[in-house]
Amino acid sequence: MVTLLALLTPVSMVNAFVLRFGRAIGVFAVAMMVTAILIQVFYRYILNNALPWPDEAARFCMLWMTGLMAPTAFRRGGFVAIDMITRFLPRVIGASLSLFLLCVSMLVLVVATKIGWSEVTGFGGRFATASLYVPTSFAFDEWFRVPRSWMMASMLVGVILLLAVNIELIMRSVITLFGGAAAMPEIRNAETVGTE
């Protein structure tokens, strides 16, 4: 168990750092999504001339926000869960059930990683978005049509981050199963180190 605790510390620190960075990008994506929606509302209802790109830009930002924020919610226990069963069970049985469910989640995430990779590199990722362009020069005289693979990469990145968090949660579950829960660093404290 000492070895597992020693492995948990760097895994927890890496996850905390990467997820903090992902949350910062996710907050920026939310701001950009709201901005795109407000631009579309202004142009559609005030100027009566809807633009083609804000809907797709908002969707792009929403997908990236979801892919970058979901791992933090998973790590903190923010997903919808029925945990009263494990609370009513004896500690060992409850921890074993939790470990089993995390292992099932691991299998689902491995399959999702394969699907995400095929979405980014496969046939669907080769197409360009319908109306989302980015400038390729500072003069804004040349524009590049954003490939769909950039949008679908949000799924791949999100699932890989969820997989990293799942590994940490499995390690925590094994440590809890063997009675070492008191020796583990708390997740919330690990994420706020250096921010206070």
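"Buried" here means under 20% relative accessible area, with exposed over 50% and partly exposed in between (1.4 Å probe, protein chains only).

## Overview

What you're looking at is a predicted model, where local features need pLDDT of at least 70, side-chain atom pairs count only at pLDDT 80 or more, and totals for chains, interfaces and linings use all residues. Residues are numbered from 1 along each chain as its sequence is written, and side-chain values use heavy atoms, leaving out hydrogens and water.

The protein has 6 helices and 2 strands, running α-α-α-α-β-β-α-α from the N terminus. Helices (H or I, at least four residues) and strands (E, at least two) are DSSP runs, numbered from the N terminus. Of the 196 residues, 35% are buried. The accessible surface is about 12200 Å², and carbon and sulfur atoms own 73% of that; such areas come from the Shrake-Rupley method with a 1.4 Å probe, and for residues, only the protein chains shown count as cover.

As for contacts (heavy atoms within 4.5 Å), take those with a separation of 6 or more: 70% of them link residues 24 or more positions apart.

## Helix H4 and its cover

H4 covers residues 91–121, which is 31 residues. From first C-alpha to last it reaches 44 Å, close to the 45 Å expected at 1.5 Å a residue; the expected span is 1.5 Å times one less than the number of residues.

Its buried residues are Gly94, Ala95, Leu99, Leu102, Leu109, Ala112, Thr113 and Gly116. The elements covering them include H2, helix H3 (84–88) and H5.

H5 (residues 148–177) has 30 residues and spans 43 Å, close to the expected 44 Å. After H5 comes Gly179, with a positive phi near 85°.

The axes of H2 and H5 come within 8 Å and cross at roughly 5°. Axes are lines fitted to C-alpha atoms, for helices over the stretch in contact, and angles run from 0 to 180 degrees between N-to-C directions. H2 and H5 are therefore roughly parallel to each other (angles under 35 degrees; over 145 is roughly antiparallel, 65 to 115 roughly perpendicular and the rest oblique). By class, their contact has 15 nonpolar, 4 polar and 5 charged residues. Nonpolar takes in Ala, Val, Leu, Ile, Met, Phe, Trp, Tyr, Cys and Pro, charged takes in Asp, Glu, Lys and Arg, and the others, Gly among them, are polar.

## Leu51 in the loop

Leu51 sits in the loop between helix H1 (2–46) and helix H2 (54–76). Setting aside neighbours within four places in sequence, Leu51 touches Ile39, Gln40 and Tyr43. Gln40 is 11 residues away along the chain, with 6.4 Å between its C-alpha and that of Leu51.
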